Amino acid sequence: MTAFARRARAFAGRLHPELTLVSYTVLAHLEDSGGCLAKDLAARYGLDKSTVSRQVQALERLGFLERRPAPEDHRAQMLYLTPAGADILAQVTESRHAAVAERLEGWGDDDIARFAELLIRYNGGPPTPGDDAITRGYSDPDMTETVH
């Protein structure tokens, strides 16, 4: 697990030196949700509001997200993915798919099926604090095709 976490952090830095795994998680959530409030991100991932605020500011500075007044309360600011944010997220997804395919190259169908079965079993175990914040950055429906 430690090696996996190290690879994930290194991978994030290779694609964009100013982005963290939390940054990618935020961008992925904005894509999935179509936009949300910063407080919703903090609640969803069990993060401190100051952590979310720093991530949002960095992503906004890089042009990967934008703020707009919330439709139901113009005092609140909704966060939305920009086209540049969607592009970097697509690059991450493509690179991640390629990295998984490369690591599984030479594995037989039985090995891949067993690996997928064990990952499903592992991920279906009892939840622990912070699971959603850790795993969300990696959940990708397309990846099931790569693993199966």
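Q: What covers the buried residues of helix 4?
A: In this predicted model, the cover includes helix 2 (21-33) and helix 3 (38-45), along with strand 2 (65-69) and strand 3 (77-81).

Q: And which residues of helix 4 are buried?
A: They are V52, Q55, V56, A58 and L59. These residues lie on the same side of helix 4, because they cover an arc of only 165° around the axis.

Q: Which residues are exposed on the other side of helix 4?
A: K49, R54 and R61 are exposed there.

Q: How many residues does helix 4 have, and what span does it reach?
A: Helix 4 covers residues 49-61, which is 13 residues. From its first C-alpha to its last it reaches 18 Å, close to the 18 Å expected at 1.5 Å a residue.

Q: What is Q55 in contact with, leaving aside neighbours within four places in sequence?
A: With those neighbours set aside, Q55 is in contact with T20, V22 and S23.

Q: Changing topic: at what angle do the axes of helix 2 and helix 5 cross?
A: The axes of helix 2 and helix 5 (residues 83-104) cross at roughly 110° and come within 10 Å. Helix 2 is therefore roughly perpendicular to helix 5.

Q: Which residues make that contact?
A: Helix 2 contributes Y24, L27, A28 and E31, while helix 5 contributes I88, L89 and V92.

Q: One more residue: where does L37 lie, and is L37 buried or exposed?
A: L37 lies in strand 1 (residues 36-37). L37 is buried, with a relative accessible area of 14%.

Q: What is L37 in contact with, beyond neighbours within four places in sequence?
A: Leaving those neighbours out, L37 is in contact with A70, A76, Q77, M78 and L79.

Q: And what separates the C-alpha atoms of L37 and P69?
A: The C-alpha atoms of L37 and P69 are separated by 9.9 Å, with the two residues 32 residues apart along the chain.

Note on methods
Residues are numbered from 1 along each chain as its sequence is written. This is a predicted model: local features need pLDDT of at least 70, side-chain atom pairs count only at pLDDT 80 or more; totals for chains, interfaces and linings use all residues. Side-chain values use heavy atoms; hydrogens and water are left out. Helices (H or I, at least four residues) and strands (E, at least two) are DSSP runs, numbered from the N terminus. The expected span of a helix is 1.5 Å times one less than its number of residues. Buried means under 20% relative accessible area, exposed over 50%, partly exposed in between (1.4 Å probe, protein chains only). The arc is that of the directions from the helix axis to the C-beta atoms. Contact means heavy atoms within 4.5 Å. Axes are lines fitted to C-alpha atoms, for helices over the stretch in contact, and angles run from 0 to 180 degrees between N-to-C directions. Angles under 35 degrees count as roughly parallel, over 145 as roughly antiparallel, 65 to 115 as roughly perpendicular and the rest as oblique.
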